[in-house]
Amino acid sequence: MSGFRFSFPACVTAGKGRIDADDILMLRRYAFPEGIGSFDDALTLLALNEECREHGPEWASYFVESLTMFLVRDCAPRGIVDEVKAGWLMRTITTDCAVRSPVELELLLHVMEVAPEVPESLSAFALDQVRLALQVDARGAYHAIRPASPGIAVHDLAYIWRVLRSALDRGRLMLSPLETVVLREIDALADASAHHPAWREMIEAIVTLDRPRRALRSAPWLITNDVHSSSDELAA
C-alpha cells in the first residue's frame, strides 16, 4: 500500500513510523469515533499497519477487533462473510498469495472464528498458509512464526484446528473437496517421518463432502490481484 494518502490523525502516526497507545487513542477519538465505517477506513488501518513497523502491545487487539467487527457485523451482508468479503480480505492482506504480517494472519483467523458462516475459499486460503510455509521457497507470516520442523508439528496442528474448528463431527473431519485438496498437498510436502502422531489421525478422519461445507463458491478459491472486486461492489 505504498503511496497511500493518510488524513489526520493517521498521517501523524504514519509519519512517526510507529504506533503506540496514544496513537490508538487519537484514532478512536478523531478518526473512527464510531468504529470502522467503510472500506476506506479499513484500508487506512491496513496501510498504517504496513507503514508503521513498530507497534505497541495495544495495536494488535485494536487492529484485529476493529476490522473483524466491520467485516462480520457492520458490512452487508451482516453477520456472515460471503465470497465478496472473503475475496477483499484475501487480496488486501497478501503479497503473492501469502499473508504479509502476523497481525493480518490473526485478523484472518479471528474473522473466521467470529463469523458463523464463511465460504470455503477463505478456509482453504487459511490452510494454504501452512503449505506455503513448507515449500522450498517458504514465505508469508505463517512461515515467519512457525517453529522450524520438516513435518507437521504441534504448532501446525493448533493452527489447522483453529481454521477447521467447526468441521469436526463425531470424530469425523467433514471437509469440502477444496479443503481436502489443501490438506493433502500439505501432507505431500511435509516429511512424514517428522509428523506429530495427531497429524496422521487428522488425515485419516477426513470425510470429503460432495459439495462445499459452508457457503457455495462462485469464484476461484485463491483470489489474486488479477481478479478485481472494488470497494463499490462490497458496499453495494
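Mentor: Start with F70. Its relative accessibility is 4%, under the 20% cut-off, so F70 counts as buried. Keep in mind that this is a predicted model.

Trainee: Okay. And F39, buried or exposed?

Mentor: Buried. F39 has a relative accessible area of 5%.

Trainee: Let's do rings, then. How many aromatic pairs are there?

Mentor: The count is seven aromatic pairs. Take F39 and F70: their ring centres lie 4.9 Å apart and their planes meet at 75°, so this pair is edge-to-face.

Trainee: Why does that pair tie parts of the chain together?

Mentor: Look at where the two residues sit. F39 belongs to helix 3, residues 39-51, while F70 belongs to helix 4, residues 57-74. The partners are 31 residues apart in sequence, so the pair ties those parts together.

Trainee: What about W59 and F63, how are their rings arranged?

Mentor: Tilted. The W59 and F63 rings are 5.6 Å apart, centre to centre, with 45° between the planes.

Trainee: How far apart are W59 and F63 along helix 4?

Mentor: Four residues. Because of that spacing in helix 4, about one helical turn separates W59 from F63. Both W59 and F63 are buried.

Trainee: Which residues do ring pairs link into a cluster?

Mentor: F39, F70 and W88.

Trainee: New topic: charges. How many salt bridges does the structure hold?

Mentor: It holds 13. The background is simple: side chains of opposite charge can pair when their charged atoms come close. One of the bridges joins E106 to R162, with the closest N and O atoms 3.1 Å apart.

Trainee: Where do E106 and R162 sit?

Mentor: E106 is in helix 6, residues 102-114, and R162 is in helix 9, residues 154-163.

Trainee: How accessible are E106, R162 and E113?

Mentor: They are partly exposed. E106 has 30% relative accessibility, R162 has a relative accessible area of 27%, and E113 is at 29%.

Trainee: Is D187 buried or exposed?

Mentor: Buried, with a relative accessible area of 18%. R200 counts as partly exposed, at 32%. Elsewhere, salt bridges with shared partners join K16, D20 and D23 into one network.

Trainee: Now the inside. Which residues touch the most other members of the largest nonpolar core?

Mentor: L108 and L183, in a core of 69 residues. In soluble globular proteins, nonpolar side chains tend to be buried together.

Trainee: What is L108 in contact with?

Mentor: Leave out neighbours within four places in sequence. Then L108 contacts L89, I93, V99, L122, F125 and A126.

Trainee: And outside, which residues form a nonpolar patch on the surface?

Mentor: F8, V12 and Y30, with about 320 Å² of accessible area together. V12 sits in helix 1, residues 10-16, and is partly exposed at 36% relative accessibility.

Trainee: Last bit, the overview. How many helices and strands does the protein have?

Mentor: It has 12 helices and seven strands. There are 236 residues, and 47% of them count as buried. The protein exposes about 11,300 Å², with 53% of that supplied by carbon and sulfur atoms.

Trainee: And contacts between residues 24 or more positions apart, what share do they make up?

Mentor: They account for 71% of the contacts with a separation of 6 or more.

Key. Residues numbered from 1 in each chain as written. Predicted model: local features only at pLDDT ≥ 70, side-chain atom pairs only at ≥ 80, totals over all residues. Heavy atoms only, no water. Helix = DSSP H or I, 4+ residues; strand = E, 2+ residues; numbered from the N terminus. Buried < 20%, exposed > 50% of the residue type's maximum accessible area, 1.4 Å probe, protein only. Contact = heavy atoms within 4.5 Å. Areas by Shrake-Rupley, 256 points an atom, 1.4 Å probe, with all protein chains shown as cover. Phe/Tyr/Trp six-rings, centres within 6.5 Å; stacked < 30°, edge-to-face > 60°. Patch = residues over 30% accessible without salt bridge, like charges linked within 9 Å, V, L, I, M, F, W, Y side chains within 5 Å. Salt bridge = Lys/Arg side-chain N within 4 Å of Asp/Glu carboxyl O. Core = buried A, V, L, I, M, F, W, Y, C linked by side-chain atoms within 4.5 Å.
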